[in-house]
Amino acid sequence: MRTAIPIDNVWQMLQALSLSSSNKEWLANKLIDSSKEDKRKQEATFVRESMQRAMLEVKEVQQGHKKLQSADDFFAELNQEAR
C-alpha cells in the first residue's frame with residue numbers, strides 16, 4: 001500500500017537527517033534517474049500508441065475503407081494546426 005506524503009514533509013524529513021554531501025548527491029542522482037526513467041516510459045508509450053494508430057490507418061487503407069491523404073494535404077493540415 002502506498003501512502004501520499006506532502007512533498008514539504010519529505011523535504012523537512014530530509015533536512016532533519018544528517019546526510020553527508022556524498023549521500024545528498026547520491027539521493028539527488030537517484031531522484032533524477034527516476035525522473036528520467038518516468039519520462040522515457042511516457043515517451044515509449046507515446047511512440048507505441050502512435051505506431052499502433054498508424055498501423056490501423058494503413059490497414060484501413062489497404063482494405064479500402066479509407067483513402068490515404070496526400071502529402072500536400074497532410075502538410076497543409078499541419079500548417080493550419082500550427083497557427
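Visitor: Is Met55 buried or exposed?
Guide: This is a predicted model, where local features need pLDDT of at least 70, side-chain atom pairs count only at pLDDT 80 or more, and totals for chains, interfaces and linings use all residues. Residues are numbered from 1 along each chain as its sequence is written, and side-chain values use heavy atoms, without hydrogens and water. Buried means under 20% relative accessible area, exposed over 50%, and partly exposed in between (1.4 Å probe, protein chains only). Met55 has a relative accessible area of 58%, so Met55 is exposed.

Visitor: Which helix holds Met55?
Guide: Helices are DSSP runs of H or I with at least four residues, numbered from the N terminus. By that naming, the place of Met55 is in helix α2.

Visitor: Which residues make the nonpolar surface patch of about 450 Å²?
Guide: Patch members have over 30% relative accessible area and no salt bridge; nonpolar side chains (Val, Leu, Ile, Met, Phe, Trp, Tyr) are joined within 5 Å, like charges within 9 Å. Areas come from the Shrake-Rupley method with a 1.4 Å probe, and for residues only the protein chains shown count as cover. The patch is made by Phe46, Val47, Met51 and Met55.

Visitor: How far apart are the end C-alpha atoms of helix α2?
Guide: Helix α2 covers residues 21–62, which is 42 residues. The expected span is 1.5 Å times one less than the number of residues.

Visitor: What comes just after α2, and what is its phi?
Guide: The residue there is Gly64. Its phi is positive, at about 80 degrees.

Visitor: How many salt bridges are there?
Guide: A salt bridge is a side-chain nitrogen of Lys or Arg within 4 Å of a carboxyl oxygen of Asp or Glu. By this rule, the count is two.

Visitor: Which residue forms a salt bridge with Arg40?
Guide: The closest N and O atoms of this pair are 2.8 Å apart. Arg40 is partly exposed at 45%. Its partner, partly exposed at 32%, is Glu37.

Visitor: Which residue forms a salt bridge with Glu57?
Guide: Here the closest N and O atoms are 3.5 Å apart. Glu57 counts as partly exposed, at 42% relative accessibility. Its partner is also partly exposed, at 34%: Lys66.

Visitor: Which residues gather in the patch of negative charge on the surface?
Guide: Asp and Glu count as negative, Lys and Arg as positive; His and the chain ends are not counted. The place of a charge is NZ of Lys, CZ of Arg, CG of Asp or CD of Glu. One member, Glu77, lies in helix α3 (residues 71–82) and is partly exposed at 36%. The patch gathers Asp72, Asp73, Glu77 and Glu81.

Visitor: How far apart in space are Arg2 and Glu81?
Guide: Arg2 sits in the segment before α1 and is exposed, at 85%. Along the sequence, Arg2 and Glu81 are 79 residues apart. From C-alpha to C-alpha, the separation is 41 Å.

Visitor: What separates the C-alpha atoms of Thr3 and Val47?
Guide: Thr3 is found in the segment before α1 (7–16). Thr3 is exposed, with a relative accessible area of 59%. Along the chain, Thr3 and Val47 are 44 residues apart, and their C-alpha atoms are separated by 31 Å.

Key:
Helices (H or I, at least four residues) and strands (E, at least two) are DSSP runs, numbered from the N terminus.
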